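Have a look at the model, then read on.

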Amino acid sequence: MTYSVISGHSLDPIEKKPLFHFFPGSRILSVGSYGCNMRCDFCQNWHISQARTGSIAAETGPEELASEAGSFKNNAGIAFTYNEPVIWFEFVRDTALIVKGKGLFTVMVSNGFVNSDPLNEFLGFIDAFNIDLKAFNETFYKRLTGAELEPVKKSLKQIAKAGKHLEITTLVIPGKNDSVADMEAESKWIAEELGDEIPLHLSRYFPMYKSNEPATPTETLDNLYDTARRYLKYVYLGNTVSDNRQDTACSGCGTIVTKRSGYDTKIMNLDISGKCAGCGNQIYRYLTLPSGAGR
Ligand SMILES: [Zn+2]
């Protein structure tokens, strides 16, 4: 029903997905459709995720979208985002394969609530994932999302094991998933099961859809940032203004290698292969877009 039906379409900074360690400073053509396999009370995109049909949208086919992706400068490729790409499988597959054929890259921003066989198919044509880990708490998932935590953890392990680029986002909601104990368990689990270099984005919540809790206090975010940083090398705050908690510091020697202010990204102290100029530590595996990608 949603094949070729586009709800949103924009050439975004790749940092907005958010992806901080995948071609930082590049842009990515971002598209979404309608619907979701979760029903989160706090959904920040509920206008499209909980819409019944996409009757207002124009149709854009895979070929058309892929050639558009190839027409922009400094465009890493295409990101399937805004609503849940898992339920858009056939369109994502058909488009991603053409985009990759042009030497561009594919990104999927997902809740990770997917069986392992279809996820395995996604792994064949998606290069980078940002997966929402909405809470490290089964009760939260059952009550507020209509889904379950364990399948999401399983997906995260499957993506990491496949060697695909992975970043994780947790939207921090006051009184719901903001306990230090849960964050400690979450970041420890990520470090042990997925790797301590997986970037974790802690995103500020604003009241939306059926959820009336006030916006997350910045002290809560700062506190959870400190907790997560004890286990993970790269933790970032999102949807908020922060002095340096959006920057990337080398985990080896502490040199700042990327300064971020809003969606302004300045890369520094790195060699062309993504290694720290100070100590040689490999920070980014994907830094410079290959020449000849796209146009
Ligand atoms: Zn270094």
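1. First, the term: a salt bridge here is a side-chain nitrogen of Lys or Arg within 4 Å of a carboxyl oxygen of Asp or Glu. This is a predicted model, where local features need pLDDT of at least 70, side-chain atom pairs count only at pLDDT 80 or more, and totals for chains, interfaces and linings use all residues. Residues are numbered from 1 along each chain as its sequence is written, and side-chain values use heavy atoms, with hydrogens and water left out.

2. How many salt bridges does the structure hold? There are 15. One of them joins Arg245 to Asp222, with the closest N and O atoms 3.0 Å apart. That pair links distant parts of the chain: Arg245 is in the loop between strand 8 (235–238) and strand 9 (248–249), and Asp222 is in helix 8, 23 residues away. (Helices, H or I of at least four residues, and strands, E of at least two, are DSSP runs numbered from the N terminus.)

3. Buried or exposed? Arg245 is buried at 17% relative accessible area, while Asp222 is partly exposed at 31%. Buried means under 20%, exposed over 50%, and partly exposed in between (1.4 Å probe, protein chains only).

4. Lys153 pairs with Glu150 at 3.1 Å between the closest N and O atoms. Both belong to helix 6 (residues 149–161), and because they are 3 residues apart there, about one helical turn separates them. Lys153 is buried at 13%; Glu150, at 44%, is partly exposed.
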